[in-house]
Amino acid sequence: DTSLTEVNSFSPSVPISPSSMINQYKFEDGPELRDLFITVDDPESHITAIETFITYRVVTKTTRGEFDSSEYEVRRRYQDFLWLKSKLEEAHPTLIIPPLPEKFIMKGMVERFSDEFIETRRKALHKFLNRIADHPTLTFNEDFKIFLTAQAWELSSHKKQGPGLLSRMGQTVRAVASSVRGAVKNRPEMFTEMNNYMETFSQKINLLDKIAHRIYKEERDYCNEMKEYGPIHTLWSASEEAIGDSLKGLAGCIDRCCRATERRMAGLSEHLLPMLHEYVLYSEILMGVLKRRDQIQGELDSKVDALANKKTEKDLFSEEIGKLEDKVERANNALKADWDRWKQNMQWDMRSTFTNVAENNLRYYEE
Amino acid sequence: MEDCLAKKMEITVSEAEKRTGRNAMNIQETYTAYLIETRAVESQSEGHCAPVESLWRRYSEFELLRNYLSVTYPHIVVPPLPEKRADFVWHKLSADNMDPDFVERRRIGLENFLLRVASHPVLCQDKIFYAFLMQEGGWKEMVNETGFQLKADSRLKALNATFRVKNPDKRFTELKHYSDELQSVISHLLRVRARVADRLYGVYKVHGNYGRVFSEWSAIEKEMGDGLQSAGHHMDVYAASIDDILEEEEHYADQLKEYLFYAEALRAVCRKHELMQYDLEMAAQDLTSKKQQCEELATGTVRTFSLKGMTSKLFGQETPEQREAKIKVLEEQIQEGEEQLKSKNLEGRDFVKSAWADIERFKEQKNHDLKEALISYAVMQISMCKKGIQVWTNAKECFSKM
């Protein structure tokens, strides 16, 4: 598998399992065209007077000209990732920005800094950055570049620039106001279809997420019971002569089944569960993207209406309208292209993950 | 191998029927009656089939039969009946005695019981057993007329009563331990197995939800639709397969249960031996003390302190005639006692001999049956895995076409 060896030669020191590598490095362009490789690893805990937080090491290797160097290593915390995401959303409101892992996990007993939680988050952050790198537009975003390359102090000072909090809030207020004005009248058919699709998809993916978690739980309970089941046979064999060996044999088999179940569970938690979760988040993101597109269109429509009512100031308005129409068109195109891309990716992901699950199950039964 | 009934006759418990009737307290009750069919094997030449005889019995009559056999043949490990009430249930199984699955499994258990008795070299020759199979009316009265209930030692009912036996037979003590261990380990195993079955059921059934969601999802997908839909179908197949798998496992559980109850029967034989030994020792002790009394009276020496001795010392000696009379009585008693002791000893030795023969027979049967049961369990598991492989191979193909 050539793609595997290529990747291996670039990041020898990073301990990532081969299958997760395959998972990341799938995209329309062949792996040979890739010129940006990012890894997220090595979580470290930092304790200050005010707070405790975790930073992750982000290593970037690239052959791109616009980067000054070919290798970068920086430390980032979750807040930094949040900042990056919001900057990307700002710059490209109708592009599909990949999901970030959640701030907290409400259900479950996972503590904020438990090893399991940190590892899950690290993997998701790794995915996040790589998805951006794969995106034909987002990968060239300036903030993204700064995120990957700037030292800690450089990043903080850069963050302070740009539209302040108030102006961003203003944008949000306007956005809310425009959405209150009711359903968009001139929404192209394509986007209505997308909306409907997303509603159903979101429902289904949430269900699948729940089902997968439920299966994991049932398997864990089954495994626990099996752990008690095997030893009973060994105990019994102690009081038997003729059938003692058969009983011991059976006990051994049960133990092996137990271990096979554990491996199956590990497969689920490594591949299926994170993937389903990512797409649950994606469905929310997509609904958001569709809304933002509607907003932009709404702006255009309201201006058009205003023009129809006010016969004066035609020229001024028509320029504005022209600009807005452009904006809407660009937004629509961007979204459409991105949507197609997303769907392809999703298909690929689903296919490979479920196939993986099937393979795991096969392995389980064969054992 | 002696000629036992099982070789001469086909015995089946072929049907079960719900009945209502009035019981001993004249209260209406519902019970299940089982149809026992028998047919002589010998005359099956030239395509002639012997006529099938049949009669109906209910569970309580089976119980009566077994009690009779236990009391009449105390040295035999009498085959056990299937459980009275459903035990070791996991959530899908019903604990209701009227549940058709339970009735069906009980029917099989009762048939098994009859076959076991019919293949036992001693038990199969019993007239009451034969009448149970052949004579519907008046059977109960016949059993009661044997008066077996009088023979039943009520002391055996006190399960935990210990008889302090001075010289216990080591083999029987070991056997009793073994039967206790067997009971405890099998019931533990059955309990955990029921829990494992429950969990496995859960795993399989939740996969069925995949089927439903995949199908709904496939409706909105163009390229992925077909793959999803057919994968969903396989998930449904997977989820449904657990029902048959677990039903087969129930048979395995029933086989183990039979030996759980057999352990009880084994224990009963040990207890009866214990009791016998106890009686023997008591009788011997009694005889010894009588002999001693006799000697004392005869020689006038008081070897052991006794109230009688004291009172006679205090209130004067007895007349020689009185003493003579007493000695005479004692000598008679001693004679009786010695004869009784002799016969008890003989009885005891016979019991041990025949019990041990049956125990050896039982051991062989147990080893053979359990080994087969374990093998069939392993075969079941393999078949389950094969089914799993098939389903997931199909599913994998569907997924890869998405």
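The legends below describe close-up views of a predicted model.

**View 1. Helices α5 and α6 of chain A pack against each other.** The axes of α5 (residues 142-149) and α6 (residues 152-160) come within 9 Å and cross at roughly 155°, which makes α5(A) roughly antiparallel to α6(A), since angles over 145 degrees are counted in that way. On the α5(A) side the contact is made by A:D143, A:I146, A:F147 and A:T149, and on the α6(A) side by A:E154, A:L155 and A:H158. By class, this contact has 3 nonpolar, 2 polar and 2 charged residues.

View 2. Because 6 of its 8 residues are buried, α5(A) is largely enclosed by the rest of the structure. At the start of α5(A), a side-chain oxygen of A:N141 reaches to within 2.8 Å of the backbone nitrogen of A:D143.

View 3. A:K217 counts as partly exposed at 37% relative accessibility, whereas A:D221 is buried at 16%.

**View 4. A salt bridge between chains A and B.** A:E225 and B:R195 meet at 2.8 Å, N to O, and the pair crosses from helix α8 of chain A to helix α7 of chain B. A:E225 is buried, with a relative accessible area of 15%, while B:R195 is partly exposed, with 33%.

Technical notes
Residues numbered from 1 in each chain as written. Chains lettered and ligands numbered in written order. Predicted model: local features only at pLDDT ≥ 70, side-chain atom pairs only at ≥ 80, totals over all residues. Heavy atoms only, no water. Axes fitted to C-alpha atoms, helices over the stretch in contact; angles between N-to-C directions. Helix = DSSP H or I, 4+ residues; strand = E, 2+ residues; numbered from the N terminus. Parallel < 35°, antiparallel > 145°, perpendicular 65-115°, else oblique. Contact = heavy atoms within 4.5 Å. Nonpolar A, V, L, I, M, F, W, Y, C, P; charged D, E, K, R; others polar. Buried < 20%, exposed > 50% of the residue type's maximum accessible area, 1.4 Å probe, protein only. Polar contact = N/O pair within 3.5 Å; in protein donor to acceptor, adjacent residues only side chain to side chain. Salt bridge = Lys/Arg side-chain N within 4 Å of Asp/Glu carboxyl O.
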